[in-house]
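Biologist: Could you walk me through this model? I'd like to go residue by residue where that helps.

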Amino acid sequence: MAEETIFSKIIRKEIPADVLYQDEMVTAFRDINPRAPSHILIIPNKLLPTVNDIEADDEAMMGRLFTVARKLAKDEGIAENGYRLIVNCNPHGGQEVYHIHMHLVGGRPLGPMIVG
Ligand code: AMP
């Protein structure tokens with residue numbers, strides 16, 4: 001059984017977060033340390049630590065991350081100019097919180113791929 005992170009507490013509303021969207025599959029909230037004018041995290045409600053833990057049964061839930069990203073990008077007014085979706089995996093991917101999360105980042109030109 002994977003160890004819970006602070007994100008499980010956010011899903012259960014046990015700690016404060018700026019939650020923008022929640023349904024039976026996913027939760028979205030603003031990143032506490034935004035790197036751009038819009039920086040939102042979209043996470044599955046089910047605890048999967050990393051992309052390496054995704055199973056075929058999780059495909060609908062993981063797909064939901066994208067449809068919610070699309071909706072939130074529109075709500076934020078950044079859909080037309082564009083944005084970036086990022087999922088980090090394990091230490092070399094720069095992952096800090098071991099509950100899968102998709103970063104939705106936009107609101108300014110982001111330049112080429114963020115690496116390093
Ligand atoms: P990653 O490096 O991909 O694991 O990203 C983790 C992200 O979670 C970082 O951008 C943090 O700023 C963000 N974060 C950590 N704790 C919280 C929190 N309590 N509420 C919102 N965002 C958080």
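Modeller: Gladly, and please keep in mind that this is a predicted model. Let me begin with Asn-90, which is partly exposed, because its relative accessible area is 27% and that class lies between the 20% and 50% limits.

Biologist: Where does Asn-90 lie?

Modeller: Asn-90 lies in helix 3, which covers residues 90–93. Its phi is near 60°, a positive value in a residue other than glycine. Most residues other than glycine have a negative phi.

Biologist: Which other residue has a phi near 60°?

Modeller: Lys-13 has a phi near 60°, again a positive value in a residue that is not glycine. Lys-13 is found in the loop between helix 1 and strand 1.

Biologist: Is Lys-13 buried or exposed?

Modeller: Lys-13 is exposed, because its relative accessible area of 52% is over the 50% limit.

Biologist: Changing topic, where is the ligand sitting?

Modeller: The ligand sits in the largest pocket, and 17 residues surround it, the closest being Asp-31, Arg-35, Glu-96, His-101 and His-103.

Biologist: Which elements supply that shell around the ligand?

Modeller: Helix 1 (6–11) and strand 2 each supply at least two residues of the shell, and helix 1 gives the most, with 3 residues.

Biologist: What polar atoms lie by the ligand's oxygen atoms?

Modeller: A polar side-chain atom of Asp-31 lies 2.5 Å from an oxygen atom of the ligand, and a polar side-chain atom of Arg-35 lies 2.3 Å from an oxygen atom of the ligand. From the backbone, an N or O atom of Gly-94 lies 2.9 Å from a ligand oxygen atom.

Biologist: And how much of the ligand's accessible area does the protein cover?

Modeller: The protein covers 88% of the 500 Å² of accessible area that the ligand has on its own.

Biologist: Back to Arg-35, where is its place, and how exposed is it?

Modeller: The place of Arg-35 is in the loop between strand 2 and strand 3 (38–44), and Arg-35 is partly exposed, with a relative accessible area of 46%. The C-alpha atoms of Arg-35 and Arg-12 are separated by 25 Å, and these two residues are 23 residues apart along the chain.

Biologist: What about Gln-22 and Asn-45, how far apart are they in space?

Modeller: Gln-22 and Asn-45 are also 23 residues apart in sequence, yet their C-alpha atoms are 8.9 Å apart in space. Leaving aside neighbours within four places in sequence, Gln-22 is in contact with Ile-11, Lys-13, Thr-27 and Asn-45.

Biologist: Which polar atoms are involved with the side chain of Gln-22?

Modeller: The side chain of Gln-22 makes a polar contact with the side chain of Thr-27 at 2.8 Å, while the backbone oxygen of Ile-11 lies 3.1 Å from a polar atom of the Gln-22 side chain. Gln-22 itself is placed in strand 1 and is partly exposed, with a relative accessible area of 33%.

Biologist: Last one, Asp-23: why is it classed as buried?

Modeller: Asp-23 is classed as buried because its relative accessible area of 15% is under the 20% limit. Asp-23 is found in the loop between strand 1 (19–22) and strand 2 (26–30).

Biologist: What does the side chain of Asp-23 make polar contact with?

Modeller: The side chain of Asp-23 makes a polar contact with the side chain of Tyr-21 at 2.7 Å, and a polar atom of the Asp-23 side chain lies 2.8 Å from the backbone nitrogen of Val-26. Not counting residues up to four places away in sequence, Asp-23 touches Asn-45 and Arg-64.

Conventions: Residues numbered from 1 in each chain as written. Predicted model: local features only at pLDDT ≥ 70, side-chain atom pairs only at ≥ 80, totals over all residues. Heavy atoms only, no water. Helix = DSSP H or I, 4+ residues; strand = E, 2+ residues; numbered from the N terminus. Buried < 20%, exposed > 50% of the residue type's maximum accessible area, 1.4 Å probe, protein only. Polar contact = N/O pair within 3.5 Å; in protein donor to acceptor, adjacent residues only side chain to side chain. Contact = heavy atoms within 4.5 Å. Near = heavy atom within 4 Å. Areas by Shrake-Rupley, 256 points an atom, 1.4 Å probe, with all protein chains shown as cover. 1 Å grid on protein atoms, 1.4 Å probe; cavity = no way out; pocket = protein on both sides within 12 Å on 5 of 7 lines; lining within 4 Å. Sits in = over half its atoms within 2 Å of the grid points.
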